Amino acid sequence: MDKQIETPLYQVYYKYHGVIKKIQVKDESKNISGSIKDRPARMIIEDAYQKRLINQDTTICEVTSGNMGIALATIAKDYGNKVIICMPKFMSQERKENLNHLGVKLILTKSFEEAFKIADELAIKHGVFLTKQFENPNNAKAYIAFCKELEKKTNEFPAVIAGVGTGGTINGIGHYLKEKYQTKVYALEPLQTLILSTGISHGHHRIEGLSDGFVPDLYPKDIVDQIISVDDNDAICMAQKLKKELGLNVGISSGANFIGAVMSGVDGMITVFPDDDTKYYSTDLMNFNLNSKLVNEIAVSYTHLRAHETSL
């Protein structure tokens with residue numbers, strides 16, 4: 001069984017309002033399944049085997065916006081387990097096709113609420129194993145390895161920002177870095193929903209994988225120092241800019257994390273690029289007629305692993 005691979009760290013420089021600062025970005029699109037969800041998917045499955053909760057005859061089931069389902073299906077192949085994925089039908093076509101190509105049983109639903117209901121029924125009636133990424137503590141524990149990789153490549157830990165879907169990423173990274181380095185923790189949400197700020201979803205947004213209509217159990221409210229709200233149009237335009245100007249093929253949530261890091265004003269902010277752009281070809285990420293005043297005001301440059309003099 002292959003172990004978790006180490007993903008690269010980029011030092012991305014930006015110029016905003018005449019000031020040059022740096023963002024430290026862990027590129028999680030380089031994981032085997034193409035996203036950050038490799039980490040919790042692998043830990044959840046391995047833990048379930050170690051505790052004898054599952055065996056090769058067990059069918060694994062999860063509710064997901066896409067990436068976790070793809071990661072579970074990829075890793076489950078190593079063990080020989082069948083996978084059922086319950087996913088809202090409004091997720092991108094590429095996510096659906098990817099899951100179908102991986103051989104999972106894909107159940108498309110009208111909403112996340114319906115997806116959870118179907119998954120629970122499958123567990124009761126057919127004995128499938130629910131990985132429960134939105135509440136499984138292994139989702140957060142998986143990011144200890146992420147932090148240890150980070151420590152090999154930087155000695156700067158002023159703050160971290162990440163979008164909140166399941167809450168696992170900001171929970172695991174936030175607890176580790178705050179306890180060890182007193183790192184400030186910033187949670188990111190789409191401006192169109194404001195669910196972390198208000199506890200109620202205020203509408204639809206285009207940042208797949210974030211703010212799925214509820215505040216997840218894993219969201220670490222007690223350690224979050226500040227919530228930053230990012231407009232989904234700005235997130236899309238930022239992802240487009242990172243690809244056009246730096247050659248970084250990232251998804252919409254990566255653009256959101258980058259914008260959030262800029263809005264924080266913290267020099268040396270740590271964040272992640274959760275996945276690449278291959279799951280977004282049918283979304284507005286490919287709409288190059290969009291425009292963002294905020295993104296237009298940000299100039300970017302980057303180098304891999306180490307700082308350098310920038311020409312910004």
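1. A definition to start with: in the lining counts below, Ala, Val, Leu, Ile, Met, Phe, Trp, Tyr, Cys and Pro are nonpolar, Asp, Glu, Lys and Arg are charged, and the others, Gly among them, are polar. On that scheme the lining of the largest pocket divides into six nonpolar, nine polar and four charged residues.

2. A word on the basis of this note. The model is predicted, so to speak of local features a pLDDT of at least 70 is needed, side-chain atom pairs count only at pLDDT 80 or more, and totals for chains, interfaces and linings use all residues. Residues are numbered from 1 along each chain as its sequence is written, and side-chain values use heavy atoms, with hydrogens and water left out.

3. Overall fold. The protein has eleven helices and eleven strands (DSSP runs numbered from the N terminus: H or I of at least four residues for helices, E of at least two for strands). Its radius of gyration is 19 Å, close to the 20 Å that the globule rule gives for 312 residues, so the protein is as compact as a globular protein of that length (taken over C-alpha atoms; the rule is 2.2 Å times the number of residues to the power 0.38). The C-alpha trace spans about 60 × 40 × 35 Å along the principal axes.

4. Packing. Of the 312 residues, 59% are buried (under 20% relative accessible area with a 1.4 Å probe, protein chains only; exposed is over 50%, partly exposed in between). Among contacts with a separation of 6 or more, 70% join residues 24 or more positions apart (contact: heavy atoms within 4.5 Å).

5. Largest pocket. This pocket holds about 310 Å³ of space, and 19 residues line it, with Phe90, Met91, His204, His205 and Ser211 nearest its centre. On a 1 Å grid over the protein atoms alone, a pocket is an open set of points with protein on both sides within 12 Å along at least five of seven lines, a cavity is a set where a 1.4 Å probe fits but cannot get out, and lining residues have an atom within 4 Å of a point. Points are joined across faces, edges and corners, and a volume is the space filled by probe spheres set on them.

6. Second largest pocket. Here the space is about 220 Å³, and the lining divides into four nonpolar, four polar and three charged residues. Helix H9 (232–246) and helix H11 (293–296) are the elements that give two or more residues to this lining, and the largest share, five residues, comes from H9.

7. Largest cavity. There are two cavities of 30 Å³ or more. The largest has a volume of about 310 Å³ and a lining of 27 residues, Ile36, Lys37, Gly165, Gly209 and Leu210 being nearest its centre. Helices H2 (67–79), H7 (168–181) and H10 (252–264), along with strand E7 (159–163), each supply at least two lining residues. The lining is made up of eight nonpolar, 14 polar and five charged residues.

8. Second largest cavity. About 40 Å³ lies in this one. Its lining includes Ala239, Gln240 and Lys243, and divides into five nonpolar, one polar and two charged residues.

9. Serine 264. Is this residue buried or exposed? Serine 264, in helix H10, is buried, with a relative accessible area of 17%. Its side chain reaches the backbone nitrogen of valine 266 at 3.1 Å. Leaving aside neighbours within four places in sequence, serine 264 is in contact with Tyr186, Ile228 and Met269.

Conventions. Polar contact = N/O pair within 3.5 Å; in protein donor to acceptor, adjacent residues only side chain to side chain.
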